[in-house]
Structures are given as C-alpha cells and as structure tokens.
Amino acid sequence: MKKYISLLLVSVLILLSGCSMTVTKVENTTSDEQHIITKEEITTSTTSSAVASTTVYTTTAPNTTTVKRTTTAHTTKSAKVTTTKKQVKPITCTIEIECKTILNNLDSLRPEKKAFLPKDGYILKETTVSVAEGSTVFDVLKLVCKQNTCPEKCTYCRKSGIQLEYVYTPGYDSEYIRGIHQLYEKDCGTQSGWMYSVNGVFPNYGVNKYTVKNGDDIKLRYTCNGLGEDLGASFMG
C-alpha cells in the first residue's frame with residue numbers, strides 16, 4: 001500500500017514537471033490611449049491670399065486601418081486703396097472790356113453799329129473774378145461775358161449776357177476774338193478790331209495761349225488802327 005502511494009506521488013510530480021503555467025497580466029486600453037501621430041504643414045504667402053494646410057496621420061492598434069485626413073483653409077487679405085484728389089487752387093484777377101477809341105472815330109463806324117456803342121465806351125467795367133489755376137484769358141473772357149450784361153442792358157445782353165464771337169485758327173492753335181457786344185473787326189475802319197493786354201502789355205498770341213496768374217489785370221480793348229497805336233500798345237513775345 002505504501003509502495004502504491006509512493007508511486008502515485010512520483011507520477012504526480014513527473015506530471016507537474018512536464019507542464020508550465022503562464023500568467024499574463026492584461027491591461028485594459030481605451031480609444032483615448034491609442035498612439036496618435038500628428039503632422040502639421042502650414043504654408044503662408046505674402047500675397048493677398050494665404051493657404052493653410054493641415055495633415056493628420058492617425059495610427060491605431062495593429063490590424064486596423066490607418067486614416068489620413070487633410071484639411072485646407074483659404075484666407076483672403078483685402079487691400080485698402082486710398083485715392084487722393086488733387087485740389088485746384090483758385091486765382092483772382094481783374095478784367096475790363098472797353099471800346100473808347102470808337103468815340104473818337106465815329107465817322108468811321110458803321111451806322112448800324114452805333115446802337116451797340118456804350119455812351120462812355122465801357123462794355124464791362126473792371127470786374128474781379130476767381131477762376132481755377134491754369135485758366136487762360138480766353139476762359140476768363142467767356143466767363144464774364146456769360147455772367148454779366150453791358151451798362152445799357154440792351155435786349156441781347158438781358159437775355160444772353162454780353163455777346164461774344166470768336167474763331168479758332170488750327171495752324172496757330174489760336175482763338176481769335178472777332179466781335180464783342182456786336183462790335184466786330186473792321187466795323188470802325190479796315191484795320192479795326194479787338195486786342196487784349198495783361199498788366200499793360202499786349203501779347204502777340206491768342207487769348208487761349210496766355211495762362212492767367214494771380215493778380216493779373218486783363219483788358220479787352222478795341223483799336224481803330226489795327227496795330228494798337230491808339231491804345232499805346234507795347235507788345236510782349
């Protein structure tokens with residue numbers, strides 16, 4: 001009996017020695033503890049538009065799918081445009097329109113023109129006007145003829161201002177004054193007509209060629225001899 005028990009113990013020991021027991025400790029994992037790799041790629045531009053690109057790589061447990069997600073954002077930078085208007089400075093000058101020389105040459109005046117001759121020879125007495133910088137004598141003359149009437153306030157002047165007629169000469173790029181207040185060239189002699197002066201000097205070019213300066217004194221005057229001798233003319237180039 002003892003022998004049988006001993007053999008049984010030996011058999012058990014032999015059985016136990018041929019087997020091994022392995023104990024594995026398993027730690028619980030959740031989705032929050034997955035390994036995540038993030039790569040950010042950002043591209044900027046100095047131009048008016050910028051593009052930001054982000055690429056995310058995600059890895060999970062083995063035997064799972066790897067997901068690649070790319071997002072792109074566009075930004076726009078607005079440009080502020082500022083425009084500046086150039087201010088035009090006004091200038092002040094005086095202008096006068098007279099035909100006093102005709103009073104001394106009434107025998108040469110066309111009879112039908114006597115109705116337009118002012119008694120004192122002044123069609124427009126000295127008037128101060130303001131015009132934009134860069135204006136010419138021609139601009140000033142047209143302005144005052146439009147805005148004013150003659151001293152007698154004749155029918156024509158009451159309706160349309162002081163009558164003014166001029167002609168353009170392309171070869172000289174020049175405006176020539178033919179008539180003011182119905183008094184034209186050759187109405188008081190074959191060499192009669194209108195002349196202009198600035199500060200007492202008579203330019204030898206058209207009224208559209210002289211640029212007015214601040215304080216200029218402009219006069220439109222009628223001459224009966226064509227050279228302005230009766231006006232005491234001295235010419236400037």
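Is tyrosine 166 buried, partly exposed or exposed, and what is its relative accessible area? I looked this up first. Tyrosine 166 has a relative accessible area of 37%, so I noted the residue as partly exposed. The cut-offs are under 20% relative accessible area for buried, over 50% for exposed and partly exposed in between, with a 1.4 Å probe and protein chains only.

Before going on I wrote down the basis. The model is predicted, so local features need pLDDT of at least 70 and side-chain atom pairs count only at pLDDT 80 or more, while totals for chains, interfaces and linings use all residues. Residues are numbered from 1 along each chain as its sequence is written, and side-chain values use heavy atoms, with hydrogens and water left out.

Entry: the chain. I find 3 helices and 12 strands; these are DSSP runs numbered from the N terminus, helices being H or I of at least four residues and strands E of at least two. Of the 237 residues, 30% are buried. Among contacts (heavy atoms within 4.5 Å) with a separation of 6 or more, 58% are between residues 24 or more positions apart.

Entry: aromatic pairs. I find 2 of them in the structure. Rings of Phe, Tyr and Trp (its six-membered ring) pair if their centres lie within 6.5 Å; planes under 30 degrees apart are stacked, over 60 edge-to-face and the rest tilted. Phenylalanine 138 and tyrosine 166 have ring centres 4.8 Å apart and planes at 85 degrees, so this pair is edge-to-face. Phenylalanine 138 sits in helix α2 (residues 137-147) and tyrosine 166 in strand β6 (residues 164-169), so the pair ties together parts 28 residues apart in sequence. Phenylalanine 138 counts as buried because its relative accessibility is 7%.

For tryptophan 194 and tyrosine 222 the centres are 5.2 Å apart and the planes at 85 degrees, so this pair is edge-to-face. Tryptophan 194 belongs to strand β9 and tyrosine 222 to strand β11, 28 residues apart. Both tryptophan 194 and tyrosine 222 are buried.

Entry: strand β11. Aspartate 217 lies in this strand, which covers residues 217-223. I noted aspartate 217 as partly exposed because its relative accessibility is 22%. Its side chain makes a polar contact of 2.8 Å with the side chain of threonine 94. A polar contact is a pair of N or O atoms within 3.5 Å; within protein, one must be able to donate a hydrogen and the other to accept it, and residues adjacent in sequence count only if both atoms are side-chain atoms.

Arginine 221 is also in β11, and its side chain makes a polar contact with that of glutamate 98 at 2.8 Å. Leaving out residues up to four places away in sequence, arginine 221 touches Trp194 and Met195, among others.

Threonine 223 is in β11 and counts as buried because its relative accessibility is 1%. A polar contact of 2.7 Å joins its side chain to that of aspartate 230.

Entry: lining of the largest pocket. What does the lining consist of? I count 12 nonpolar, 10 polar and 3 charged residues. Here Ala, Val, Leu, Ile, Met, Phe, Trp, Tyr, Cys and Pro are nonpolar, Asp, Glu, Lys and Arg charged, and the others, Gly among them, polar. Strands β7 (174-180), β9 (193-198) and β11 each supply at least two lining residues. A pocket is an open set of points on a 1 Å grid over the protein atoms alone, where a 1.4 Å probe fits, with protein on both sides within 12 Å along at least five of seven lines; lining residues have an atom within 4 Å of a point.
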